[in-house]
Protein chains: 2
Amino acid sequence: MTPAADAPRSPAPLPPAAEKTLADLSETAVLGRIFPRLPTASAQLLGPGDDAAVISAPDGRFVVTTDMMIQGPDFRLAWSTPHDLGWKAAATNLSDVAAMGARPTALVVAIAAPPSTPVSVLEGIADGLRDCCEALAPGCGVVGGDLSASDALTLAVTAFGDLEGRAPVLRSGARPGDTVALSGRLGAAGIGLELLFHRGVDALGVPDRDRANALKLTHPTEVAAQLTPVPPIASGPLAALAGATAMLDVSDGLAIDAGRIARASGVCIDFDSGCLGERLEVALGGGEDHGLLATFPPDVVLPPGFRRLGTVAAASASTVGTITVDGAAHDQGGWDPYRGWDGAAG
Amino acid sequence: MTPAADAPRSPAPLPPAAEKTLADLSETAVLGRIFPRLPTASAQLLGPGDDAAVISAPDGRFVVTTDMMIQGPDFRLAWSTPHDLGWKAAATNLSDVAAMGARPTALVVAIAAPPSTPVSVLEGIADGLRDCCEALAPGCGVVGGDLSASDALTLAVTAFGDLEGRAPVLRSGARPGDTVALSGRLGAAGIGLELLFHRGVDALGVPDRDRANALKLTHPTEVAAQLTPVPPIASGPLAALAGATAMLDVSDGLAIDAGRIARASGVCIDFDSGCLGERLEVALGGGEDHGLLATFPPDVVLPPGFRRLGTVAAASASTVGTITVDGAAHDQGGWDPYRGWDGAAG
C-alpha cells in the first residue's frame, strides 16, 4: 500500500442540485412559480383563481382563435428552448387575432407535460409567453390556464381580441382591382425549417441541439423566423382602419393562403414577380411566415408596414380561387398536418 | 380429386370496407365531415372559415375557461367511446362557466390525434360535443377549432359564457352564517372510477373494453357519472340570480373544493353529516362530481336543484380554510395531476 493510496482523495464534485420536476411539486406550487411570470391583461376583469376568468369586451363582441402545439409534430426540444415555445405559441395565436383586424387582449394557455419535466421548462414557457405579449401586443396578457400530465409536451393557446367597434376583416371581401399587399417577411421561416431538418439533425436524422445551435449562429434570421416568429401584430388593426377588404395570416405559404382569399372572395389573385424577390418559389411556398396578407381598394394608401405584391383579378368559373404570377397559372401545392407530419421527436 | 374440391367454394366474406383514417383525407376533408355535426352557437357572429371567430358579448364582458383531456392520464379509449369523450370535454368546461353564474355561449375545440385515427372517432367526438351542448346548454355551440397530429388523442376545449349583466360569483364571497348548498350528486363519479380501475381492467391491469362494458350494465349510474357527467349547468345562473355569495364546480371532491371556498373567503365550512348520505367519505372525497357548490345568505330560499349541506362559520387564524363535519375537523386530502397520474393508456 503506497502512502498515496492512503491519502485523502479530493472529494468528488457534488452533483448539481437536482432540479425540481413537476412531480416533485404540487399543482398549486407549480402554478405559484408560473403565474408571477405571466403578464396581466389590461382587459382582465377577473384573473386566475376562480373556475373561469372574466374579460372585458368593450364593443360587445370578442374575437377568438385556438391552436395546439405538440412536441414531435410541431416542435423539437432539441431545436426550441422553452422560451422559444412560449414565444411561438403566443405569436401564432396573436397573428390570427390580428388577421381579423383586431387588437389582441388576452390568452388562456393549457399546458400538458410529463411529470419528469423540470419546473424550469414551464417557467421558460411562461417567460416566452410574457416576452412575446409585451413585445408584440402590449396590454395583452394571460388570464387563465390548465395544467395536465402527458407523455408529450403540449401547449394549447386560445387568444382573444377586441375589434374596437370595427367590422372584422374576412377572407371573403377581396374585389377585382384591389391591391394585394403584405406586412411581414416571406420565405425565411421555410428556409429555417429546411435548414433545421437537413443540418440540425445528427447522422441518423435525429434533431440535435448542438447542430441547431450552430445554425442559429450561421443563419440567425432564417432559424429565428422559424422558431421565434415576429408577426406584425400591429399591422392588423392598421389594415382594418385603412379599409382592408380581406386579410389572413400567412401560415401555410403565400400561394396557398392567397388561394384561400381568392376562393372565399370568388376572385383570382395575380402576383407581380418583381415584388416577390429573387427566389420566387421560396416566397410563394415557404410555410409559417406569419405575415399578414391583405387586399385594399385600389385608391387606398397602404398603411405602414404593407408593401404591394399584386392585384386582385376577376375570375371565371374555371379560374375562381386560383393565383397567377405575372398572369401565368401557379400550382398552389399544399400542406396537411396528417400527411406532412415528420414525427421526429428530439 | 373429389368433385367437392373442384366445386366453387363460397366466397370468403369481404373484409369490411377499410375505414378512412385522418391520414387518408386532407385536413379540409376531415373538417368537412366534422363541422356539419357541430352545433352553431346563437352568440356566433362569425364562425369557422376565417383566422378567428367573432362571438357576441352583450354586456361587454365574457367568461372564459380552458381544460385539456389527454389519452392515458385523463381517459382510456377502452372505457370511453368517442361520443363519451366529446360529451365529457364539453360538460366539464360548461360546468366551469356555470360556476361563475354565467350562461355558456360557445366553445372552441382543438383536437390532436394520430394520423391512423379513423375519421369516425372525430365524428363521434363531434357528436358528443353537440349532444352535450344541446342537452345541457341549449344555444351554446362550437365556433372554431384546430386539428393537429399527435401520438396521444388530445382534446383542448375553451368555453365562453355570458354573465347577462350580473357580477360573477367568485370563490371568495362566502360569509359566516351563509348556507352551504349543492346542486348535483356526490360520490357516484368517484365510485365509477374506482370500479373502472379495479374491475374494468384485465388480469394485467390494462383497461379492457369488455369488462368496462359489463360495468356499464351492472353499475350504470356510477360509470356514467364518471364517463359522461351531467353537471347542472342551469343551476349556475339560477344560483347567481338567487344571490349566491360564492360558488365553484366540485371537480376534486367536496372536501377539497369546499376548502377552496373557505380559504378564498377566509372562513370555515361546516357540513352536517346528516346531509351527506350514509357514505361520508365517498361524499366528501369522490372526485369529478361536477356539481355546483354554492353559499347563500341565510335568508335566501335555495333555488331549484340546490339542497343544503351545511353552514359557513367564522374562522380563527388557525382554522381559516378548513372544513368540519358536525363541528369536528376533517382532513381534506388532495389530488394532484402530476402525482395522481396512473399512466395506463388502453
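Residues are numbered from 1 along each chain as its sequence is written, and chains are lettered from A in the order in which they are written. Local features need pLDDT of at least 70, side-chain atom pairs count only at pLDDT 80 or more, totals for chains, interfaces and linings use all residues, and side-chain values use heavy atoms, with hydrogens and water left out.

The confidence of the predictor in each residue is given as pLDDT, from 0 to 100. For chain A the mean pLDDT is 91, and 90% of the residues reach 70 or more. Residues 1–15 of chain A stay under 50. In the model this stretch has one contact (heavy atoms within 4.5 Å) beyond four places in sequence. Residues 340–345 of chain A also have pLDDT below 50, but this stretch has 20 contacts beyond near neighbours in sequence. Where pLDDT is low, the predicted coordinates should not be read in detail.

Two copies of a chain are related by a rotation about an axis and a shift along it. Here, chain A is superposed on chain B by a rotation of 180 degrees with 0.0 Å of shift along the axis, and the RMSD is 0.0 Å. This is the relation of a two-fold axis. The superposition is by least squares on the C-alpha atoms of residues with pLDDT of at least 70 in both copies. Gly60(A) is the residue of chain A that comes closest to the rotation axis, with its C-alpha at 2.3 Å. Because 100% of the interface residues of chain A are also interface residues in chain B, the copies meet through the same surface.

Strands are DSSP runs of E with at least two residues, helices are runs of H or I with at least four, and both are numbered from the N terminus. Two strands pair if DSSP finds at least two bridges between them. One open sheet of six strands draws on both chains, in the order 5(A)-4(A)-6(A)-3(A)-2(B)-1(B), with mixed pairing. Strand 5 (141–149) of chain A and strand 1 (44–46) of chain B stand at the edges with a single partner strand each, so one side of each has no neighbour in the sheet. Strand 4 (residues 103–113) of chain A runs parallel to strand 5 of chain A and is joined to it by eight bridges. Ala113(A) has Ala149(A) in strand 5 of chain A as its bridge partner.

Chain A is divided into domain 1 (22–162) and domain 2 (179–184 + 231–329), with bounds from an automatic or database domain assignment. Their centres, taken over C-alpha atoms, are 29 Å apart. In chain A, 15 residues of domain 1 are in contact with 11 residues of domain 2. About 920 Å² is buried between these two domains of chain A, 66% of it on carbon and sulfur atoms; buried area is the accessible area (1.4 Å probe) that two parts lose on being put together, summed over both. Ser95(A), Ala99(A) and Leu136(A) lose the most area on the domain 1 side, together 43% of what that side buries.

Chain B holds an open sheet of seven strands in the order 8-10-7-11-9-12-13, with mixed pairing. Strand 8 (246–250) and strand 13 (328–329) of chain B are its edge strands. Strand 11 of chain B runs antiparallel to strand 7 of chain B, with five bridges, and Leu182(B) stands opposite Arg307(B).
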